[in-house]
Amino acid sequence: MGQPFQLNPSQIDFLLKTVGKQLNTNPEQLKNQIESGNISSIANSIGGEAGQRLQQVLNSPQQMQAVINSPDMQKLLASLNGGK
């Protein structure tokens, strides 16, 4: 099996800035929410059907694993990791 996927600090910062911009949230605040496990507040800030769907996925290990293993997510993760 391959090595576990890891982002470098600049990739993490880029993701936090991108997602923070989409959610109108400060990237540092977003990072703190993630690190504290307060992900439900992120789903709430998205709102609507997308926020509800995200909350469902976050609450289900099986759905989370399916998202992580999806071909689209694997492509995204590979591109963030420099195509490795």
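**Entry 1: contacts along the chain.** Among contacts in the protein chain between residues at least 6 apart in sequence, what share joins residues at least 24 apart? I looked it up and found 22%.

Entry 2: I noted a mean pLDDT of 78 for the protein chain, with 87% of its residues at 70 or more. Confidence is highest in α2, at a mean of 85, and lowest in helix α3 (residues 40-46), at 77. Where pLDDT is low, the predicted coordinates should not be read in detail.

**Entry 3: the inventory.** I went through the elements and found 6 helices and 0 strands. Read from the N terminus, the order is α-α-α-α-α-α. Next I checked burial: of the 84 residues in the protein chain, 17% are buried. The accessible surface comes to about 6400 Å², and carbon and sulfur atoms account for 54% of that.

**Entry 4: α1 and α2.** Two packed helices are described by the angle between their axes and the distance between the axes. I started with helix α1 (residues 9-23) and α2, whose axes cross at roughly 100° and come within 8 Å. That angle makes α1 roughly perpendicular to α2, because angles of 65 to 115 degrees count that way. From α1, the residues I listed are Leu16, Lys17, Val19, Gly20 and Leu23, and they meet Pro27, Leu30, Lys31 and Ile34 in α2. By class, this contact has 6 nonpolar, 1 polar and 2 charged residues.

**Entry 5: a stop at Asp13.** While in helix α1 I looked up Asp13, which sits there. Is Asp13 buried, partly exposed or exposed? Its relative accessible area is 39%, so Asp13 is partly exposed, since that value falls between the 20% and 50% cut-offs. I also checked a distance: Asp13 and Pro27 are 14 residues apart along the chain, and their C-alpha atoms are separated by 7.9 Å.

**Entry 6: a stop at Gln33.** Gln33 belongs to helix α2 (residues 27-35). With a relative accessible area of 15%, Gln33 counts as buried, because the cut-off is under 20%. Which residues does Gln33 contact, leaving aside its neighbours within four places in sequence? I found Asn38, Ile39, Ser41 and Ile42.

**Entry 7: α4 and α5.** Helix α4 (residues 48-58) packs against helix α5 (residues 61-69) at about 105°, and the axes are 6 Å apart. I therefore put α4 down as roughly perpendicular to α5. Arg53, Gln56, Val57 and Leu58 make the contact from α4, while Gln63, Met64 and Val67 make it from α5. Sorted by class, these residues are 4 nonpolar, 2 polar and 1 charged.

**Entry 8: α5 and α6.** My last stop was α5 with helix α6 (residues 71-80), where the axes cross at roughly 60° and come within 5 Å. The contact joins Val67, Ile68 and Asn69 of α5 to Pro71, Met73 and Gln74 of α6. I counted the classes here too: 4 nonpolar, 2 polar and no charged residues. Looking back, I noticed that Val67 of α5 takes part in the contact with α4 and also in the contact with α6.

Note on methods: Residues are numbered from 1 along each chain as its sequence is written. This is a predicted model: local features need pLDDT of at least 70, side-chain atom pairs count only at pLDDT 80 or more; totals for chains, interfaces and linings use all residues. Side-chain values use heavy atoms; hydrogens and water are left out. Helices (H or I, at least four residues) and strands (E, at least two) are DSSP runs, numbered from the N terminus. Buried means under 20% relative accessible area, exposed over 50%, partly exposed in between (1.4 Å probe, protein chains only). Contact means heavy atoms within 4.5 Å. Accessible areas come from the Shrake-Rupley method with a 1.4 Å probe; for residues, only the protein chains shown count as cover. Axes are lines fitted to C-alpha atoms, for helices over the stretch in contact, and angles run from 0 to 180 degrees between N-to-C directions. Angles under 35 degrees count as roughly parallel, over 145 as roughly antiparallel, 65 to 115 as roughly perpendicular and the rest as oblique. Ala, Val, Leu, Ile, Met, Phe, Trp, Tyr, Cys and Pro count as nonpolar, Asp, Glu, Lys and Arg as charged, and the others, Gly among them, as polar. pLDDT is the predictor's confidence in each residue, from 0 to 100.
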